[in-house]
Amino acid sequence: MNVPSPVATPLVRPGNGLPAQLRKDLAQRMEGPVAADAFTRGRYATDASIYQIMPKVVAFPRHAEDVAAALDVARAHGVPVIARGGGTSQNGQPIGDGIVLDFSRYFNDMISIDTDALTATVQPGMVLATLNATLREKGLFFPVEPSTASRCTIGGMAGNNSCGARSLAYGKMSDNVLAIEALLHDGTRARFGTDIRGPEADRMARDLWALADRERDEIAARFPQVQRRVGGYNLDALLGDHPDFAQLLVGSEGTLALSRELVLKLARIPDHRVMGVCHFPGFRAAMETTRHLVDLGPTAVELVDNNVLTLGADIPMFRQTLAQITRGTPDCLLLVEFAGDNAAELERALDRLETCMADHGHADAVVRISTPAVQRQVWDVREACLNIMMSAKGDARPVSFIEDCAVPLEHLADYTDAITDLFARHGTRGTWYAHASVGCLHVRPILNLKNPEGVRAMRAIAEEAMELVRKFKGSHSGEHGDGISRSEFHERMFGPQLVHAFEAVKDRFDPDARLNPGKIVRPHRMDDTSLMRFPPGYRGSALARPVLDWSDSGGFGAAVEMCNNNGTCRKLSGGGMCPSYRVTRNERDSTRGRANSLRLAMSGQLGRDAMTSADMKETLALCVGCKACRRECPTGVDMAKLKVEFQHQYHARHGTPLREKLVAWLPHYAPIAARLRWLVNLRDRVPGLAALSERVVGLSARRALPVWVAPWRDPGRTARAEDIRGDGLDLVVFADTFNRYFEPENLNAACAVLTACGYRVHRAPRGNSARPLCCGRTFLSAGAVDQARDEARRTAQALAPLVAKGARIVGLEPSCLLTLRDEFRNLLPRTDWEPLAKAARLFEEVLAEDLDAGRIRLPLADQSGRVAHLHGHCHQKSFGVMGSVEQVLRAVPGLEVRMIESACCGMAGPFGHQAESYDVSVAMGELSLLPAVRSAGADDLIVADGTSCRSQIAAGSGRAAVHVARVLHDCLAGPADVDSAESSG
């Protein structure tokens, strides 16, 4: 059996058990679901930090009464309660040995918006990006915007006292939360703010105000005087004429009370923003100049260091943006943003920025960006800095534990130099990014925490960095909270007297230490290896016989461990990742959730044979292989590829079901099925047959199967090497199974268009078989990798002589053609796949390349204002080739092209036909694609290059979508049209 060997790492970490009665009691008291299986608990054992603590139970409250019930059950059982939002914390805040409450799945509604008072009231599980999408329609936004905005929750932001890039202008979370409706440790309701509601809350407020007043002098002496101070409890908020008890709860990391509603202060969206990208030849120069740039009054000054510039240039989704905003080879950049309602004044601000840079020795070093779309792209790069840096391969990775230290700007250059020297003394280097404007630069030394020496170096660096922060009068905790990483150092920062005061605050709120213990007060040791993701004895077991080539990732285990848990895959809009999570909101169905399950299973932490268990099959069941993570996960987790490996291993142990065999072997029996199409098409014509196929095979009776038609006939004679002239005009048509047997009109249209452009169109050879060539995609979708490799080998060998003479291979179906550029590299030797990958082009890519090069003309007639709505296939997006489709459509005179912003259509080959995934498939389509299609005009074109996409659109909207080849074919100009177009040009 091709399964990993279990290792000695125990399933249950120290101090954990599997209390069935606890789960039972919670399930009886809560409306929301409760889970205590090992896979679910494992997915909630980590956040974006280095730590891992296995919870006893995970629960999903639907409302405040569920939270109160959980607190009551926890008290009865004597276990802790840990509140969790998006799980993006970097210091171990939302993990613990107890009941983890995931607020993000259900407890996430908008309560109210007051546009006059500029306030909003929300539940704690609301995602920031969702909130701001709603507010944007009213010209408002919530101005605390951390880089995890697409998935972090308001409750989590309040718990950590989050800040974000624009804190220079808008402050941190404690400046923008007006009130918190909370549940105390015993479920008592209370309201905290400048006004207090509730008898117990009133008594508590008087006690805590007295405590703060007693410590007034110590607070003034020991609290760091920098904006970015989020460590400890905010006792300073209780001083002055208007004590603010909401600010005391903000930053308390769920250790004092649990939020049920939060009242937020909103801001109006400025009419205009501009950005200056400032280039520096060295890091210190940027640090020395920062304070002078801040004096110009920007809303943000953000650092992008050389590590990000170097690694980002190798990531497809960032490469173009970085090329657009950089001149030459700067060592680092500062992104300086100005915002306001007067565009002319903002341009003058950029003038002053250029002058300031020149005054400090950096003339002509500013790239001005006024276009909102380009600014958004730049911010996307900045927000991905952490993930970009974590994309480095190997066990030595940038580690978060001192990254939030903040120092006054006048000390910033000296501080960063000292930290760099500190790293060098310990044989490592660091990566820098983030909030130069407030002296809070995120820095991560590169360490291997699987190695005891790496852990010892982390401890030493933490101790010495703490002394540097004190020397430069800074704060050791400046944005991401305390958690396990920094709580231990509070006594050095604040002194023993204030630490005792913090303990008094904790004890007054939570006398039984029920709420998230071990954080802020009475903390865990930051280098306690028993609490780490890679504890002593950990080893990621290699598969006994991996069937794919994982050498590019350093092995299968390393490919899994690339996930840093930052949770980009949990975003609910924008891009394509992760479509199943967007529907279910289940952590299991995120790329992160799947990767964590694989990591825990392969390292033996989920029990024997977990790697090929039914639980693992369920974990990966809703991965549609869209490959969005291949492009959008900057750390490089390729879940589609990981799933192929898993399916192979699973079927090797359990056998391959009939349905998977039917899908896998489709290209083999397609010629026979096409000849018997009158028979195989009866499934959806004879009553009862569809229901029978669902019972027998598992194909949903609610989904019609593709209709078999007379297959496509290849044009001309089979291509020979001597037919290829090498002038770039020889194209070999790689006809996929789906277009060949179900939609041959697409292939006919494509050949007609290519011929009209002057290409020589050749028939593909068939190699050593009577069947047409095949990419092996259907085999891969079923985990039948050996058969896929056979198809890849046959295809590569048949096409190699033609490619060697200069022919390009052109295909219509993205999932098939792009397999030659992606999976073939994992199936074949480099000498076989690389030439073919370089020659393989989608139909639209060939046209776009050659139109740009002036090699061809595309004779198209004017379409007189017609509109085309374009939906991209997931693999087109993953490989960054959507621009080619858009380009060739925009080449049609008079045709208006409108992009449909959508993730996966939901069909995804066999996925949409499976009875068990039919509902999820439809829900994916309904997220954005199908509503957009229904809103299109009756005479508008719907364009989709994917067979699955066209099928989903037809089934869900009743509209017929067409391949871009059909559009171009229907727009081909006759002689009169060509003359007219040339004369009008």
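1. Start with His 871 and Ser 902: their side chains are joined by a polar contact of 2.8 Å. Bear in mind as you read on that this is a predicted model. His 871 sits in strand S23, which covers residues 867-871. At 1% relative accessibility His 871 is buried, because anything under 20% counts as such. Setting aside residues up to four places away in sequence, His 871 also touches Lys 877, Met 882, Ile 900, Ala 903, Cys 905, Leu 929, Val 943, Ala 944, Asp 945 and Cys 949.

2. Another histidine to look at is His 875, in helix H39 (residues 874-878). His 875 is buried too, with a relative accessible area of 6%. Beyond four places in sequence, the residues in contact with His 875 are Gly 625, Cys 626, Lys 627, Arg 777, Pro 814, Ser 815 and Leu 818.

3. The largest nonpolar core holds 113 residues, and the members touching the most others are Phe 142, Ile 154, Met 173, Phe 192, Leu 235 and Phe 509. Helix H17 (residues 452-471) is the top contributor to this core, giving nine residues. There is also a second, separate core of 89 residues, with Val 547, Met 577, Val 644 and Leu 817 among them. As a rule, nonpolar side chains in soluble globular proteins tend to be buried together.

4. You will find Phe 142 in the loop between strand S7 (140-141) and helix H5 (154-160). Phe 142 has 0% relative accessibility, so it counts as buried. Away from its sequence neighbours within four places, its contacts include Leu 128, Leu 131, Leu 135, Ile 154, Met 157, Met 173 and Leu 264, along with Asn 132, Asn 176 and Lys 265.

5. Ignoring neighbours within four places in sequence, Leu 235 is in contact with Leu 211, Ala 212, Ile 219, Phe 223, Leu 248, Ala 501, Phe 502 and Val 505.

6. On to helix H34, residues 785-804. Its 20 residues span 27 Å from first C-alpha to last, close to the expected 28 Å. H34 does have a kink of about 30 degrees at Ala 798, shortly before Pro 801. After H34 comes Gly 806, with a positive phi near 110 degrees.

7. Just after H38, Gly 854 has a positive phi of about 70 degrees.

8. Finally, the cysteines. How many disulfides are there? The count comes to zero. Cys 278 is in no disulfide, since the nearest cysteine sulfur, on Cys 356, is 8.3 Å away and the cut-off is 2.5 Å. Cys 278 is buried, at a relative accessible area of 0%. Cys 751 is in no disulfide either, its nearest cysteine sulfur being that of Cys 757 at 12 Å. Cys 751 is likewise buried, with a relative accessible area of 11%.

Terms used:
Residues numbered from 1 in each chain as written. Predicted model: local features only at pLDDT ≥ 70, side-chain atom pairs only at ≥ 80, totals over all residues. Heavy atoms only, no water. Helix = DSSP H or I, 4+ residues; strand = E, 2+ residues; numbered from the N terminus. Core = buried A, V, L, I, M, F, W, Y, C linked by side-chain atoms within 4.5 Å. Buried < 20%, exposed > 50% of the residue type's maximum accessible area, 1.4 Å probe, protein only. Contact = heavy atoms within 4.5 Å. Expected span 1.5 Å × (residues − 1). Bend = angle between axes of the 7 residues up to and from the residue. Polar contact = N/O pair within 3.5 Å; in protein donor to acceptor, adjacent residues only side chain to side chain.
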